[in-house]
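Please keep the sequence and the structure in view while reading.

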Amino acid sequence: MIRIEQVCKKFRRLQVLDNISARFEQGQVIALIGPNGSGKTTLIKSILGMVRPDSGQIFVKDQQVNGDPAYRKDIGYMPQIGRYPDNMKVGQLFRMMTKIRDAAPPGPDEDLYRQFGIPSITEKPMRTLSGGTRQKVSAALAFLFNPPILVLDEPTAGLDPLSSEILKEKIIAEKKKNKLILITSHVLSDLEELTTHIMYLQEGKMQFLKDLQTLQEETGELKLSKAIARVMRGYDANNEWIDQLFAVEKNNETPAK
Amino acid sequence: MKTFLTILCCSWTLAASGNSIIVGPGLPVRSLKKAIELAKEKDTIRLQAGLYKEGAIILTKSLTLIGENNPVLDGEKKYEILLVSGKNITVQGIVFRNSGYSAMNDYAAIKLVDCSHVTLDRNTILDAYFAIHISNSVYSIVRNNRISGVPASEQLTGNGIHLWKSDHATIENNHIQGHRDGIYFEFVTASVISNNLSEKNIRYGLHFMFSNDDIYRNNIFRNNGAGVAVMYSKKVRMEKNHFEENWGASAYGILLKDITDSYIVQNSFLKNTVGIHMEGSSRIEIRQNQFRSNGWAIKVQASCDDNVFHHNNFTGNSFDVGTNGTLVLNKFENNYWDKYEGYDMNKDGIGDIPYHPVSMYSMIVEQNPTTLMLFRSFMVSLLDKAEKAIPSLTPENLFDNKPMMKKLSL
Amino acid sequence: MLKLSRYVLYDILRNKIVLAYTLFLFIVSFSMFRMEENGSKALLSLLSIVLIVLPLVSLVFTTIHYFNSYEFIELMLSQPLSRTRILLSEYAGVCISLLSAFWMGVGIPVLVFSPDPTGLALLFTGSSLTVVFTSIAFLAAVRSKDKARGIGFALLLWFYFALIYDGLVLLTLFAFSDYPMEKFTLLLSALNPIDLGRIFIMLKMDISALMGYTGALYKDFFGSGQGVLFTAGIMGLWAVLPLWLALRSFKRKDM
């Protein structure tokens, strides 16, 4: 569904994407992981056409990503930070979006819209919303048009545990509908139950793209985080980052248990 | 019946002072020349409607020549139509057309030479080189004439009403347009120009030189190439005239050059490039005039002294006063300036701080005229503000010490 | 496109800055006409507002709006919408809101108190300058990396067009005062929309003075139907060209 061919991108002297090639197919949930500045967001933005690669091509459903915006009707995007016009009301935002974009069959998907309780805040201006509520709005918008591809940039950041859970379940449901889902997250435990594939980026280079099973078999670890850690040590990567990752994970896991 | 009687009475009265000769096509006397030949002193010639092409006509007898129903004397572009010389002559109600042009002589539709008490009344003069040319005459009256020329170049067009070396002339109620100078005075004294409308002339609406003790009042000078020029004269009274839309690089409401001991009172100057331009003039009293929407209301060259400007209204002018030097020997007092931003604490109607009518930018424009394109820009207003705080370019002693707070009703 | 700009417009019209701007213009215009006995003097004061405040507000407000909408623009970019359409919608939204502020704040008082050729020329110039400087601001904003730089750039542009340019012109005119510069000044005026708008108003307000020095040149040029077309044409260029450049940059830009 998405084909990335030898994509390179430089921001001034910094090589943000270094010769990335990958194929994502439907039914897959790809976890894009890597330290800050590893090029995750740039890759996503390249797929969305917001960043133009210096060389290489990206195809979405066999349509090359260039000037023509039409291919984006197949993508639902949830940005890392959703900011909206201050004085626009929530209801208006949804009305506007439905006016500029048609939903793919079988029609609009209002599950998250309802589950996040957005109908009750339609009269609120966007500027009055908290960061978490804005994330809910972003998520609801991404799923609203029932697109075959979903791109979620740090979807659970800022969401309360309950909403986070709702979102995860929604992702699983969409996965079952044979959609392609691309997720970046720092919180590996969030990805645990969702992912089918792991794509690991560091300093603009793709270290590996493997399905979860292979990864588990290769490392002998069942837990995603541990498996990755093992692989990482093998790749002689930035150990410090992995340690940090575990620290975060522990912090996250403790209250859950 | 009544009309008939009136006509009868009139002709009888006229007949009492002389005989009447009727000239017209199909009448015993068909030619004006012939009639003049036949006429005796004090006779009246009645010229009936018709077209007369008689070349140059000379009139020296004391006759009254009356055109009835607009007879036309045509000069065929060759002749000076009517030459008058003598006294007590009246020419009235005749249309003069196509008088000749000569580069050597000042051909005119009507020329008066060495006359006294000659009246030109209600005539129409079309397409003439000079329309009315008067020289060496006294007590001439030019009244109610319509004069319209075809404006060509300054060389090919003569003046509308031209007076030279005359005195006690009266020029009133004429409408002059399309000539070189509408009214031209040279060496004319003790004369009055009033209620005329002089417009669309190539050069000056009124050109006035070496003519002392004259009055002109209630005239309208509008849209002339260079406005009105009054030069090298003394004791001239200019009253209640209206100067409008005299536009151009050297166009003025009035250009005053070497004028002394004169008065400019109750005139209005509207939309002229320069309302009054003065050079080499002294002892002129300028009061109760309206200066509205002019480029410069007044330009006073440094060569002027002892002139007094008081009780005038200055409104909506781009620049109120312009000058070319820093030495100013003229007096401004009790004028109303709409740009004045002072205050009146004691409520006597007079501003408490003096008004400086010369702006910094008007001095700059005086030096370099093209900079006018920057007028009213932010930079120029900053310059003007700076100059107000620390005067350096503008003449310090040019100010109105008693500016009026309210517009004067004039 | 209108669908999108309708919402952009709706958002801006609720913006307190735009409301304050409208109110400011209205109060200033209204009190000027009230205080001054003759309308032409009030127009004169309004002229400074139009020539100085309008470009400044258009530049700064547009730049701030662009950077505040940055994430929203990103969101729009992730939708099946072309970049041209997105930027033009933003432009239309900002432009219409600033124009309506101007027409409500200045247009209504002028039409009520002084609906003469000078007043209409003022409204024409004001509208043109709003459109032009919004367009210039978009170029500055798209080319700038962040908000602070964008606003700095906008202020610099304002300073240049409102003040520095005229200073340079003054110096040039004095440096070459021995040459006939009248025709050249026509060219100079076309290179700064503020000057062009100002001269357009001067032709109504100071026609008598203008006739003196530049002679018939300005009047023949700007006063004729051709001149009005020329002014409108150059203003149009000033609006279209920066916007076109902004679009070109925006299309190549990495968000």
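In chain A, β6(A) and strand β7 (residues 149-153) run parallel and are paired over 4 bridges; two strands are said to pair if DSSP finds at least two bridges between them. Within this pairing, A:Tyr77 has A:Val151 of β7(A) as its bridge partner. Strands here are DSSP runs of E with at least two residues, and helices are runs of H or I with at least four, both numbered from the N terminus. The model is a predicted one, in which local features need pLDDT of at least 70 and side-chain atom pairs count only at pLDDT 80 or more, while totals for chains, interfaces and linings use all residues. Residues are numbered from 1 along each chain as its sequence is written, and chains are lettered from A and ligands numbered from 1 in the order in which they are written.

The two strands belong to an open sheet of 6 strands in chain A, with mixed pairing and the order β6-β7-β8-β3-β9-β10. At its edges stand β6 (75-78) and β10 (205-211) of chain A, each with a single partner strand, so one side of each has no neighbour in the sheet. On average, neighbouring strands of this sheet are turned by 15 degrees against each other, direction ignored. Helix α1 (residues 40-48) of chain A packs on the sheet, where it touches β3 (29-33), β6, β7, β8 (180-184) and β9 (197-202) of chain A. The direction of α1 makes about 145 degrees with that of β7(A); axes are lines fitted to C-alpha atoms, for helices over the stretch in contact, and angles run from 0 to 180 degrees between N-to-C directions. Helix α4 (residues 131-144) of chain A also packs on the sheet, touching β6 and β7 of chain A, and its direction makes about 175 degrees with that of β6(A).

A residue is buried if 20 or more other C-beta atoms lie within 10 Å of its own, exposed if 12 or fewer, and partly exposed in between, with C-beta atoms placed from the backbone.

Chain B contains 4 helices and 38 strands. Its C-alpha atoms fill a box of roughly 85 × 45 × 35 Å along the principal axes, and buried residues make up 47% of its 410 residues. Strand β36 (residues 319-323) of chain B has 5 of its 5 residues buried, so it is largely enclosed by the rest of the structure. Strand β33 (residues 296-300) of chain B pairs with β36(B) in the parallel sense over 4 bridges, and B:Trp296 stands opposite B:Phe319 in β36(B). B:Asn313 lies in strand β35 (residues 313-315) of chain B and is buried, with 20 other C-beta atoms within 10 Å. Leaving aside neighbours within four places in sequence, B:Asn313 contacts residues including B:Gln290, B:Tyr336 and B:Leu410. B:Ser303, 10 residues away from B:Asn313 in sequence, is 24 Å from it in space, C-alpha to C-alpha.

How do the chains meet? Of the 2 pairs of chains that touch, chains B and C have the most contacts, with 29 residues of chain B in contact with 32 residues of chain C. Helix α4 (residues 378-389) of chain B supplies the largest share of the chain B side, 3 residues. The contact between chains C and A takes 21 residues from chain C and 25 residues from chain A. On the chain C side, the elements that give two or more residues are α1 (2-13) and α4 (70-77) of chain C. No contact joins chain A and chain B, whose closest C-alpha atoms lie 35 Å apart.

Key
Contact = placed C-beta atoms within 7 Å.
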